[in-house]
Every structure is written in C-alpha cells, then in structure tokens.
Amino acid sequence: MVSSLPNLLTLFRIVAIPLLVATFYLDSPTMRWIALGLFSLAGISDFLDGWLARRWQQVSSLGRFLDPIADKLLVASVLMMLVAFHRIDAWGVLPALVILCREILVSGLREFLAEAKVGLPVTNLAKWKTAVQMVALPVLLVGSAAPSWLPAEHIGMALLWIAAFLTAVTGWDYLRAGLHHMDQTPKHDKNTVGATEI
C-alpha cells in the first residue's frame, strides 16, 4: 500500500520538510514564495490523501499511522524554523509553543487510548484550528516578500494567535475526553508492566 496515491501524498508532506528548511538557509524573496508554494501543496495533499483513501477504499494502517505524523512534523518544522530565523517576534513564540505542546499532548493521548481500544475522533473545532493554522504558516513563510500593500507578517501573526487559541480549546477538550476514558480503563495486574506504566 506504500505506492498507493493517498500514501504517496502523505509521504510528499514528509519529503517537503527538508525542502522547506532549505528555503530558510537560501533566503530570498523567491525562496519565500517557493516555501509558500511547497507548504500550500503540502496542505492540499493533506486534504486529498484522506479524501482519496476513503473514495477509493484505500484506507490502510500505514496511512492512518503516517498521516498525523506527517502533519505534525510539517507544522513543527516550520514553526521551529520561523522561530530560529526570527521570522516571528518574541511574543510570537508563545502561540508556537502552545501549538507544539498541544500536538505532543494529543499524540500521547491517542497512543494511550489506542492501547485501551478507544478512538479519539477529530472535532469540527479541531478542523477549524487546522484550517487557520494552514493559512497562518504560509503567510508567515512569505513574510516581508509579500507585496508592500499586504501586511503579511501582521496577518500571519494574528492568524497564528487565533490558531493557538483554538489549539488550546481543542487540546483541553481532548484532554477531558482522555481523562474520562482513563478513569474507566481497567488496572493492569500488579505484576504486569505495560508501556503506560513506564
């Protein structure tokens, strides 16, 4: 199933990461627009891979594993590079930190609940968070290379703060749902050491 189009689209998001990182080191107005194009294509691939997998009935374990990882790697890489190259100010680090911490939290919850055979469905608010985030980051990537009449850096930062707020709200919702299931999870035998006990 690696060669199926949905999985290839997912892999494209991972392959795009070093290319995006390279645009920071080869910084120029052209490179910033290339970064915007790469990130936009990655965002489109995020929608298409799931849609095609369902439409063509090509949903696979590999796809379910790789898709959220590819998304988180892409977002985390771009946020870290924006901070490292001072494309966002000191206050802008805060929403970036909120987004990264939430992604780690949700990943841990999903891993724990998967062992308990409990799914953690994506909420509509989380989809809005992702949409705002996927607009904020390419705007910040192009930054000062945008036309003079477009305050891209200010727009990008405003959207990043909105995404961080939605991130915090959805993270809290997921945490509450996770804690509810944790309370209902049977305890392991005292002689058994599982991954969740380490």
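Biologist: What does Leu20 touch?
Modeller: Leaving out residues up to four places away in sequence, Leu20 touches Ala35, Leu38, Phe39, Leu74, Val78 and Leu141, where contact means heavy atoms within 4.5 Å. Keep in mind that this is a predicted model: local features need pLDDT of at least 70, side-chain atom pairs count only at pLDDT 80 or more, and totals for chains, interfaces and linings use all residues. Numbering starts from 1 along each chain as its sequence is written, and side-chain values use heavy atoms, with hydrogens and water left out.

Biologist: And apart from that, which other core is there?
Modeller: One of five residues, including Val139, Val142, Ala145 and Ala146. A nonpolar core here is a set of buried (under 20% relative accessible area, 1.4 Å probe, protein chains only) Ala, Val, Leu, Ile, Met, Phe, Trp, Tyr and Cys residues joined through side-chain atoms within 4.5 Å.

Biologist: Switching to H5, how far does it reach?
Modeller: H5 spans 28 Å from its first C-alpha to its last over 19 residues, close to the 27 Å expected at 1.5 Å a residue. That expected span is 1.5 Å times one less than the number of residues, and helices are DSSP runs (H or I, at least four residues), numbered from the N terminus.

Biologist: Which H5 residues are buried?
Modeller: Among them are Lys129, Gln133, Pro138 and Leu141.

Biologist: What happens just after H5?
Modeller: Gly143 takes a positive phi of about 45° there.

Biologist: Last one: where does Leu5 lie?
Modeller: In helix H1, residues 5–25. Leu5 is partly exposed, at 39% relative accessible area, which falls between the 20% and 50% cut-offs.

Notes. Helix = DSSP H or I, 4+ residues; strand = E, 2+ residues; numbered from the N terminus.
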